[in-house]
Amino acid sequence: MTPDQAPPVLLVHGFASSAEHNWRHPGWLDLLADCGRETIAIDLPGHGTAPKPAGDENVEGHVAAAVAGREPVDGIGFSAGAHVLLRLAADQPGTFRRLALLGIGRGVLEPADPEPIVAALTGEPDPENVTGMVFRRLADGLGNDRDALIAFLRRPQRPLTQADLARITTRVLVVLGDQDPAGTLTPGDGLVAALPDARLVTLRGVDHFGTPADVRCMQAVLGFLGC
């Protein structure tokens, strides 16, 4: 497939971040442009320049609207963005040609309690709540609205199931740092095993937040997308 024939690439950032922070600053948009790919990098509700959610937004619908009429596209998602793309792929087959999921693992089938992060966004700093405080610093550093982020976290979501993942027949690449709390996967376990056509790239010495900026991650994803 030549660059002229390749589909657009949809990029969806992580929680408390933005398209600018996750994709433009590390160089993803420039790299994809260099290989002739059109990019669609959106902000999730409550993040960056997107509208603030009231708490009941259909986030997957917001993302789907960005590529309506362009399907199938290639997708790259990090953390919360990867979760959103996974749900969209399960609910709307045919949306994606290929899907790269960064910073998620078997935990997609066991939804995390958002309240520790909510507590960090609303209360006094608690050094014991390390993950929550990282997200608080990220949110404040990028100028995101805390209340909007809390509404995003608390929005109604149906848990993903093994049956949902089994419906995703598109090719999937999972990229996960071996220091990421999402958990290192093996081909016989968790997310990779639950998807019909998926493979894993493990980044040694990389934590959750370092994944999108790691050159090995970029190389793996670009190669997977045919760049």
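**Figure 1. The largest pocket and its lining.** In this predicted model, the largest pocket is lined by 36 residues. Ser79, His83, Ala112, Ile117 and Phe135 are the lining residues that lie nearest the centre of the pocket. The volume of the pocket is about 1,100 Å³. Rolling a probe the size of a water molecule over the atoms shows where empty space is left. Helices H4, H5, H6 and H7 each contribute at least two residues to the lining. Of the contributors, H4 gives the most, with four residues.

Figure 2. Serine 79 is one of the residues nearest the centre of the largest pocket. Its place in the chain is the loop between E3 and H4. Serine 79 has a relative accessible area of 11%, so this residue counts as buried. The phi angle of serine 79 is near 55°, a positive value in a residue other than glycine. Most residues other than glycine have a negative phi, and most peptide bonds are trans.

**Figure 3. The largest nonpolar core.** This core holds 44 residues. Those that touch the most other members are Leu10, Phe15, Val63, Leu86, Leu101 and Leu191. Helix H4, which spans residues 80-91, gives the most to the core, with eight residues. A second, separate core has 23 residues, among them Leu29, Leu32, Val201 and Ala220.

**Figure 4. Phenylalanine 15 in the loop between E1 and H1.** Phenylalanine 15 belongs to the largest nonpolar core and sits in the loop between E1 and H1. With a relative accessible area of 7%, phenylalanine 15 is buried. Setting aside neighbours within four places in sequence, phenylalanine 15 is in contact with His47, Ala80, Ile117, Leu121, Phe135, Leu138, Leu149, Phe152 and Leu153. Two of these partners, Ile117 and Phe135, are also named among the residues nearest the centre of the largest pocket. The C-alpha atoms of phenylalanine 15 and glycine 81 are separated by 7.3 Å, although the two residues are 66 places apart along the chain.

**Figure 5. Alanine 16 and serine 18, in the loop between E1 and H1.** Alanine 16 lies in this loop, and serine 18 lies there too, between strand E1 (9-12) and helix H1 (19-24). Alanine 16 has a relative accessible area of 0% and is therefore buried. Its phi is near 70°, a positive value in a residue other than glycine. Serine 18 is buried as well, with a relative accessible area of 10%. Beyond neighbours within four places in sequence, serine 18 is in contact with His13, Asp43, Gly48 and Leu142.

**Figure 6. Leucine 142 between helices H6 and H7.** Leucine 142 is placed in the loop between H6 and H7. At 32% relative accessibility, leucine 142 counts as partly exposed. Apart from neighbours within four places in sequence, leucine 142 is in contact with Ala16, Ser17, Ser18 and His21. The C-alpha atoms of leucine 142 and alanine 19 are separated by 11 Å, while 123 residues separate the two along the chain.

**Figure 7. Helix H7 and the residues around it.** Helix H7 covers residues 146-153 and is mostly covered, with six of its eight residues buried. The buried residues are Ala148, Leu149, Ile150, Ala151, Phe152 and Leu153. The elements covering them include helix H3 (59-66), H4, helix H5 (115-122) and helix H6 (130-141).

**Figure 8. The cis peptide bond at proline 72.** The peptide bond from glutamate 71 to proline 72 is cis, with omega near 0°. Proline 72 is found in the loop between H3 and strand E3 (73-78).

**Figure 9. Confidence along the chain.** The protein chain has an average pLDDT of 90, and 94% of the residues score at least 70. Over residues 184-188, pLDDT stays under 50. For this stretch the model has 18 contacts beyond four places in sequence.

Key
Residues are numbered from 1 along each chain as its sequence is written. This is a predicted model: local features need pLDDT of at least 70, side-chain atom pairs count only at pLDDT 80 or more; totals for chains, interfaces and linings use all residues. Side-chain values use heavy atoms; hydrogens and water are left out. A nonpolar core is a set of buried Ala, Val, Leu, Ile, Met, Phe, Trp, Tyr and Cys residues joined through side-chain atoms within 4.5 Å. Buried means under 20% relative accessible area, exposed over 50%, partly exposed in between (1.4 Å probe, protein chains only). pLDDT is the predictor's confidence in each residue, from 0 to 100. Contact means heavy atoms within 4.5 Å. On a 1 Å grid over the protein atoms alone, a cavity is a set of points where a 1.4 Å probe fits but cannot get out, and a pocket is an open set with protein on both sides within 12 Å along at least five of seven lines; lining residues have an atom within 4 Å of a point. Grid points are joined across faces, edges and corners, and a volume is the space filled by probe spheres set on the points.
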